[in-house]
Amino acid sequence: MKDFFKLLKREIRICMNNSSIFFSFSTFFITSSLIFVFALDDLTNIIVFYKPVVWVVLIFSIMLVSENFLHEDYSDGSLKELQFLGFSEETIFLCKSLAMWLIILIPAVFLMPIILIFFKLSYNDVLKLFLNIFISTPSLTLISLLSALFSIQLKRNKIVQFVIILPFFIPIVIFTTTSENFAEPSKYFGDQLLILIGIFFITLPVCLYAGKLIMREINK
Amino acid sequence: MNYFINFIKSEDHFSYVLSSYLIVFLIIFLIFIFSNIKTKRLEKELINLSKK
Amino acid sequence: MIFKLANPLKFQKFTEKFQPVTIHLALFLLVIGLFFSFFNSPPDYLQGETVRIMYIHVPCAWFSLMIYSIIVICSISSLVLRHTLADLISRSCAPIGACFTIATLVTGSIWGKPTWGTWWVWDARLTSVLILFIIYLGLIIINNSYDDKSKADKYASILAVVGAVNLPIIKWSVNWWSTLHQPASISKLSSPSIDPSMLVPLFIMTFSFFFFFISILLIRLKGEIIQRKIDVIKYNRVEK
């Protein structure tokens, strides 16, 4: 446990020093949603499109930003060093994802008011979006860090990362976006969040185990 | 035999069935041929390498 | 027997003997199956003549799933037992599985046009087969994008195992999603029972496809073993 907090502190400190990550993440998030808005034909009915736009942009930005958390550690050898110092691979992976979630995705929730203005959402919708993002982003973070681990040793063809891992986002996207399509929204909304939490508890051990295997393979 | 004659007479459905059969056989044939070509090429390369 | 064959060299000898037998068996069964499916099976009273697509569509669908489970079993055994042949099998299975899956999708949509009136519906079954196809593509890409073959095998087997854990979740969520989007009115596939005169060609075609699969797999495996040999020779030359 002590190791865990030590490592977490280190990760957060690195992120704090490298504040451009969050800046580029938020800029990417806003500009790419803008691009989507420009591609829309019918602006009178813009509220219909906010879910696909927000989730697609969010997933891509998380995947792009996840690489920053691993690449530097890999290239300067500190990933190997951490393993050598006796930190288990699971701890490293968990700390990295926790730091990414805390530093990038929790502040990202504060970008939501901009989305609110873009898509003319009601306060209620934004609250639901906020809750959905809050609950589904841990799984998204874990999966995208896993994909970053997959592609860390690829010098060319980085797009592989996207191809191999996108199918695994499907359940999360389905359950985050269809939350209000039911006849009784108030009744089903809670169930939705419970399913997302359930998906997180399946994703967590699978990602930790796979991350451990890949990290061992990387440092061979 | 009657079944087959009726099948040929069914104009609309005939094309659907025939095209699907042809596509599947084409796909299997293609993967078979490509695997064969690849293996043959590798065999040649191995022989060339072991000669040197 | 299995452990004997697990030696790549012995396996290669076995392949050379066995491969021509399988391809001849496959062709022989294919001819019989085609005869049964066109000459000796009745049209369906609902779907008419298009039911004949079933004799190739269903075996393809079975094999697309079966090959994925073979890949998963090989991946687990390569992760646990660290055996080379398991890596080779999963590596050479992936393209064949992708071919069977695309065949399933294409014949399914050709079958869907006359029966459902459209090439594609966002039905749970169709969508999950499409996702299976994407996962196959991911496996093929990851197999080919690393310079170090053993690393690529390890990554691909991890991806296959993770995919196997995730596939039921995806299937379940897609099922849930599609029932949300549309009422379940299209699953004509789940007809109560099937006539023996239709079952015979279906099984013959399945066996024929099975032997095709085995024969292609053996060819690809032979290629992979030769590829490894070439790599070893090249590596040794560089070392000298």
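This briefing walks through a predicted model with chains A, B and C, one topic at a time.

Because the model is predicted, local features need pLDDT of at least 70 and side-chain atom pairs count only at pLDDT 80 or more, while totals for chains, interfaces and linings use all residues. Residues are numbered from 1 along each chain as its sequence is written, and chains are lettered from A and ligands numbered from 1 in the order in which they are written. In brief, chain A has 10 helices and zero strands, chain B has two helices and zero strands, and chains B and C share the most contacts of the two pairs of chains in contact.

**Chain A overall**

- Chain A reads α-α-α-α-α-α-α-α-α-α from the N terminus on; helices (H or I, at least four residues) and strands (E, at least two) are DSSP runs, numbered from the N terminus.
- Its radius of gyration is 18 Å, close to the 17 Å that the globule rule gives for 220 residues, so chain A is as compact as a globular protein of that length. That radius is taken over C-alpha atoms, and the rule is 2.2 Å times the number of residues to the power 0.38.
- The C-alpha trace of chain A spans about 55 × 35 × 30 Å along its principal axes.
- Of the 220 residues in chain A, 37% are buried (buried is 20 or more other C-beta atoms within 10 Å of a residue's own, exposed is 12 or fewer, partly exposed is in between, with C-beta atoms placed from the backbone).
- Among contacts in chain A with a separation of 6 or more, 81% come from residues 24 or more positions apart. Two residues are in contact if their C-beta atoms, placed from the backbone, lie within 7 Å.

**Helix packing in chain A**

- Helix α2 (residues 20–39) of chain A packs on α3(A) at an angle of about 150 degrees, with the axes 9 Å apart. Axes are lines fitted to C-alpha atoms, for helices over the stretch in contact, and angles run from 0 to 180 degrees between N-to-C directions.
- The two helices α2(A) and α3(A) are therefore roughly antiparallel to each other (under 35 degrees is roughly parallel, over 145 roughly antiparallel, 65 to 115 roughly perpendicular and the rest oblique).
- α2(A) and α3(A) make a right-handed crossing; a crossing is left-handed if the near helix is turned anticlockwise from the far one by less than a right angle, and right-handed if clockwise.
- From α2(A), residues including F25(A), F28(A) and F29(A) meet a set in α3(A) that includes V53(A), V57(A) and L64(A). The residues of this contact split into 10 nonpolar, four polar and no charged. Here Ala, Val, Leu, Ile, Met, Phe, Trp, Tyr, Cys and Pro count as nonpolar, Asp, Glu, Lys and Arg as charged, and the others, Gly among them, as polar.
- Helix α5 (residues 89–108) of chain A meets helix α7 (residues 123–151) of chain A at about 125 degrees, axes 10 Å apart, which makes α5(A) oblique to α7(A). This crossing is right-handed too.
- On the α5(A) side the contact residues include F93(A), M100(A) and W101(A), and on the α7(A) side they include P138(A), L142(A) and L145(A). The tally is seven nonpolar, three polar and one charged.

- L70(A) sits in helix α3 (residues 50–75) of chain A and is buried, with 21 other C-beta atoms within 10 Å.
- Leaving out residues up to four places away in sequence, L70(A) touches K96(A), A148(A), L149(A) and I152(A).

**Chain B**

- The radius of gyration of chain B is 21 Å, well over the 10 Å that the globule rule gives for 52 residues, so chain B is more spread out than a compact globule.
- The C-alpha atoms of chain B fill a box of roughly 65 × 20 × 10 Å along the principal axes, and 17% of the 52 residues count as buried.

**Between the chains**

- The contact of chain B with chain C takes 35 residues from chain C and 29 residues from chain B. On the chain C side, α2 (8–39), α3 (54–80), α4 (84–116) and α7 (196–239) each supply at least two residues.
- That side of chain C has 22 nonpolar, seven polar and six charged residues.
- No contact joins chain A and chain B, whose closest C-alpha atoms lie 22 Å apart.

- R82(C) is not a glycine, yet it has a positive phi of about 55 degrees.
- R82(C) lies in the loop between α3 and α4 of chain C and counts as exposed, with 11 C-beta neighbours inside 10 Å.
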